[in-house]
Structure formats: C-alpha cells, structure tokens
Amino acid sequence: MPSTAPPPSRGWFAQLLLRLHFLAGLFVGPFVLVAALSGAVYAVAPSIEQVVYRHELTAPSTATARPLADQVAAAQRYVASHHPDDTVVEVRPAPAPGDTTRVMFTEAGLLESQTRAVFVDPGDASVRGDLPVYGTSGSLPFRTWISTVHRSLFLGDVGRLYSETAASWLGIVSLAGIGLWAFRLRTARRKRELVVPDTRLRGYRRTFSWHAATGAWVLLGALFLSATGITWSHFAGDNVTALRSALSWQAPTVDTALGGAAAMGMTAGEHAGHHGSAAAPVGSPATVTPEQFDEVLAVARSADVHAAEVRIRPAATTDQAWTVEEIKLSWPVAMNAVAVDPTTMTAVSQVTWGDYPLMAKAAKLGINTHMGALFGLPNQLVLLAAALGIAAMVVLGYVMWQRRTPGTRVGRAPADGALARAPWWGAIAVVAVAIGLALLLPVVGVTLLGFLLVDALVTAFRSRPGATR
C-alpha cells in the first residue's frame with residue numbers, strides 16, 4: 001500500500017519557529033521579565049518624579065521672573081556653603097510659570113553625565129533644594145535609579161549584557177511569534193480566538209489562548225522596544241552607531257571652536273538621557289559670570305532658538321563658544337542649537353531640526369518614545385501597558401511549559417529536527433540569517449550557540465535507551 005505520509009520538507013518552517021520561540025523564551029525569559037518590569041516602572045517615572053520631588057520642581061512665587069544672573073548668583077551662594085568646589089556647567093531656565101530654574105554644577109563622586117542641580121524659584125531667587133540630575137532628560141534620583149536597574153542591574157558593563165540579551169531576543173522571539181500567529185490564522189476555526197482569549201478552555205490550552213492573544217496585542221510594542229532598546233546596548237549598540245556613521249545618519253552638532261581651533265560638537269546624542277560625556281577642554285579655563293547667561297540666551301533667542309525648554313552651557317575654555325540648545329523632547333520636538341562667541345556676543349554656528357537627516361530624526365523620535373517623553377502621559381501609559389503585557393507573556397510562557405506534559409514538573413519541548421527536514425534552500429536561508437544576526441547582534445550569536453548546545457545535550461540524553469521522555 002503506498003505511503004500517504006507528507007513529504008519530509010512539509011511544515012519544517014513552522015516547526016523551526018516553534019522550537020526557536022520555545023527555547024529562546026525558556027532561556028531568555030528571566031532577562032526579558034526583569035527588563036519588562038523595570039521598564040514598566042521607568043515608563044511612568046517622569047510622572048512619579050513630579051510627585052516625589054514636587055518641592056524642588058515647583059516655584060511658589062508669582063512675581064515676575066528675575067534675570068538669570070540673579071538666579072545663578074543665588075545658586076552659587078548656596079553651593080559655596082554646601083559644595084564649595086562645584087562649578088557651573090549648565091543652566092536650564094524655568095520653562096513655564098510655577099517651574100524652577102535648574103543651575104547645574106560639576107561635583108566629584110557623581111555618575112558620568114550626572115551633575116548637581118540647584119533648583120531656584122525665578123520669582124524671588126530663593127533656593128528650593130538641590131538634587132543630582134542625569135543626562136539631557138534631566139532624570140532625578142528616582143528615575144536614575146530605575147534606569148540603572150533597567151539598563152545594567154548596577155553591574156556596570158557586565159550588567160549591560162543582561163539588557164542587551166533581553167532587547168535582542170525580545171525582537172527575535174516576537175518575530176517568531178508573528179510567524180506562528182500567521183500559521184494559526186490559516187487553520188483557526190474562530191479567528192476571534194487569535195486576539196481574544198477563550199475562557200471556556202482549561203489547563204494548558206487556556207494558558208496558551210491567553211499567551212497567544214496577549215502576544216497579538218503587545219507585538220508591535222515589543223518589536224519597537226526591542227529595536228530602540230538595542231541602540232543603547234553595548235556591542236550591538238556600537239554596531240548600530242558605526243552603521244549610522246557610515247551612512248551619514250548621525251545627528252548634526254554645532255561647531256564651538258573659536259579662533260581656528262579644532263571643531264568640537266556639543267549637541268548631545270539621542271541617548272544622552274541615559275549616558276554620554278562631554279569632550280575634554282583643551283584651552284585655558286574660561287571666566288564665567290552670571291550676567292553672561294542672560295546675554296547669551298538673548299543672542300540665541302534672536303537666532304531661531306524659541307522653545308521654552310533650553311539649556312545654556314558656558315564654555316569651559318577660552319577657545320570655545322557657549323551653546324544654547326533646545327531640549328524639548330515632547331511632540332513637536334525642538335532641537336535647534338546655537339553656538340555663541342562670549343566675547344562678541346554673536347552666533348557663530350547653528351543647527352536646526354531641519355538639518356537632521358531623516359534617519360537621525362527617526363532615531364531621535366524613537367528614543368524619545370522609548371523614554372515616554374514624546375507624547376507625555378499617554379506615551380507613558382502605553383509603554384506601561386506594553387511592558388506589563390510582555391511580562392505577562394513571559395509568565396504565561398513558563399506556565400505553559402509546566403503544563404505541557406501533565407503529571408511532570410518540566411514540560412516537553414516542541415520537536416527538534418526542523419533543519420534536517422528543510423529543503424536545501426531553506427537550510428541555507430536560515431543559516432545566512434543566523435550569521436547575519438550574529439554579526440549585527442553579537443550577544444544573540446553567543447547565546448544562540450549556548451541554546452543549541454544545551455538543546456543538543458538534552459536531546460541526546462532523552463534519546464538514550466531507557467531514558468525518561
């Protein structure tokens with residue numbers, strides 16, 4: 001009787017996706033779970049900071065704002081009695097009535113890209129307090145702490161491997177999930193079950209229904225968070241930076257060099273809200289007076305810097321210009337920047353948002369969205385929902401694993417051998433994609449080899465005569 005078995009190559013790709021989705025989720029799940037939960041808190045951290053640091057951030061005086069010179073001088077007097085070795089490196093004027101001005105100082109012992117901010121009431125120049133702040137986003141201690149947990153678990157560069165693993169594999173697992181969802185779309189009797197969990201089911205099938213339906217809703221968010229999160233990573237982030245540089249996709253910077261000195265870009269990159277540092281000064285130290293802040297800001301206002309959210313950075317040395325940059329991260333963004341010669345009070349270099357290449361704009365908007373800044377509270381709530389959905393996916397995945405084989409503590413994995421059943425062109429395509437991913441995302445390449453090694457050992461152990469399956 002002729003065999004009716006399907007050809008060896010039929011269904012190999014779905015089997016491969018299922019195996020990949022299972023193994024990656026199993027091994028990387030803890031990393032993704034930590035990143036998702038810490039990311040959920042980070043998403044709403046800006047709103048939390050408004051409550052926790054309300055005293056420092058709000059100005060009770062209703063009087064007309066005093067000149068920046070008075071506010072900077074008040075901050076300097078305060079610092080002289082509390083942190084006498086600190087020097088002014090940046091001023092952020094109050095962006096709206098009721099807000100405080102931030103006068104920011106260098107201080108020994110702070111993190112890289114962190115400064116000491118003295119919060120001044122613009123109306124009466126009274127000091128409301130001082131706090132360490134971090135990066136262009138101006139993160140206060142709570143957001144800085146949760147950001148460090150999210151990025152590195154306080155383990156430095158070694159800890160950043162955790163977040164790179166989570167960000168890299170989250171995208172791959174999500175793409176595999178898309179493929180599996182598409183296969184289900186062809187065979188499902190009730191299409192509604194693809195996006196709404198079936199509460200009539202029990203046990204493993206009920207958990208699977210919740211896992212699949214939740215995945216359909218958080219899929220786009222997971223892919224977005226993966227893609228933008230990778231740009232902050234250690235190894236893959238360096239590759240992305242090199243690619244952007246090669247394709248001229250980097251954000252432009254103003255030229256602060258004076259008197260023929262070498263150019264030095266002062267505009268912060270897209271990731272300055274998380275990390276980054278300024279270049280070391282090379283000339284003789286510059287003299288900075290409080291009155292210069294008003295004069296430099298006036299020059300910048302006449303040179304297309306109009307946003308309320310700006311930062312003024314004095315020159316560190318005499319061969320550099322001051323810079324005034326718009327730092328409005330919410331939509332519509334404002335990113336214009338001007339370099340001002342403090343001796344002539346003229347604008348010597350200028351960059352506008354229109355000067356940004358298309359991909360630099362896309363990167364900036366993506367980063368701002370990832371940080372929950374682009375659309376304010378709605379942005380934060382969407383990120384919170386996406387992060388909690390991803391965390392739920394991980395937990396449901398482990399519950400499915402436990403319930404896959406009733407009566408056992410560890411569920412049986414989907415069948416292996418998909419590549420052995422694949423046509424030659426399919427195997428070549430899979431290997432090529434794997435190599436490409438490993439080159440772009442080095443952590444993926446290393447962990448993938450680890451997955452395959454563990455999987456091979458487990459499969460070999462279970463295939464022994466008399467082994468428990």
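In the predicted model, the secondary structure of the protein chain comprises 14 helices and eight strands. The chain has 469 residues, of which 46% count as buried. Among contacts between residues at least 6 apart in sequence, 63% link residues at least 24 apart.

Helix H1 spans residues 12–43 and helix H11 spans residues 376–403. The two helices pack at an angle of about 150 degrees, and their axes lie 8 Å apart. Because angles over 145 degrees count as roughly antiparallel, H1 and H11 are assigned to that class. The crossing of H1 with H11 is left-handed. On the H1 side, the contact is made by Phe-22, Gly-25, Leu-26, Gly-29, Pro-30, Val-32, Leu-33, Ala-36, Leu-37, Gly-39, Ala-40 and Ala-43.

Strand S2 covers residues 101–105, and five of its five residues are buried, so S2 is largely enclosed by the rest of the structure. In a regular strand, side chains alternate between the two faces of the sheet. In S2, Thr-101, Val-103 and Phe-105 lie on one side, whereas Arg-102 and Met-104 lie on the other, and both faces are covered. S2 pairs with two strands. Strand S1 (residues 88–92) is joined to S2 in the antiparallel sense over four bridges, with Glu-90 standing opposite Met-104 of S2. Strand S3 (residues 114–120) also pairs with S2 in the antiparallel sense, over five bridges. Arg-116 of S3 is the bridge partner of Phe-105.

Strand S7, formed by residues 337–341, is mostly covered, with five of its five residues buried. Ala-337, Ala-339 and Asp-341 point one way from S7, and Val-338 and Val-340 point the other way. Four bridges join S7 to strand S6 (residues 322–326), and these strands run antiparallel. In this pairing, Val-324 is placed opposite Val-338 of S7. Strand S8 (residues 346–351) runs antiparallel to S7 and is joined to S7 by five bridges. Val-351 in S8 is the bridge partner of Ala-337. S7 and S8 form a hairpin with four residues between the strands, and Met-345 in this hairpin takes a positive phi near 50 degrees.

His-211 is located in helix H7, which runs over residues 203–230. The relative accessibility of His-211 is 13%, and this residue therefore counts as buried, given that the cut-off for burial is under 20%. Apart from its neighbours within four places in sequence, His-211 is in contact with His-21, Met-393, Leu-396, Gly-397 and Met-400. The C-alpha atom of His-211 is separated by 10.0 Å from that of Val-195, a residue 16 positions away along the chain.

Conventions. Residues numbered from 1 in each chain as written. Predicted model: local features only at pLDDT ≥ 70, side-chain atom pairs only at ≥ 80, totals over all residues. Heavy atoms only, no water. Axes fitted to C-alpha atoms, helices over the stretch in contact; angles between N-to-C directions. Parallel < 35°, antiparallel > 145°, perpendicular 65-115°, else oblique. Left-handed = near helix turned anticlockwise from the far one by under 90°. Contact = heavy atoms within 4.5 Å. Buried < 20%, exposed > 50% of the residue type's maximum accessible area, 1.4 Å probe, protein only. Pairing = 2+ DSSP bridges.
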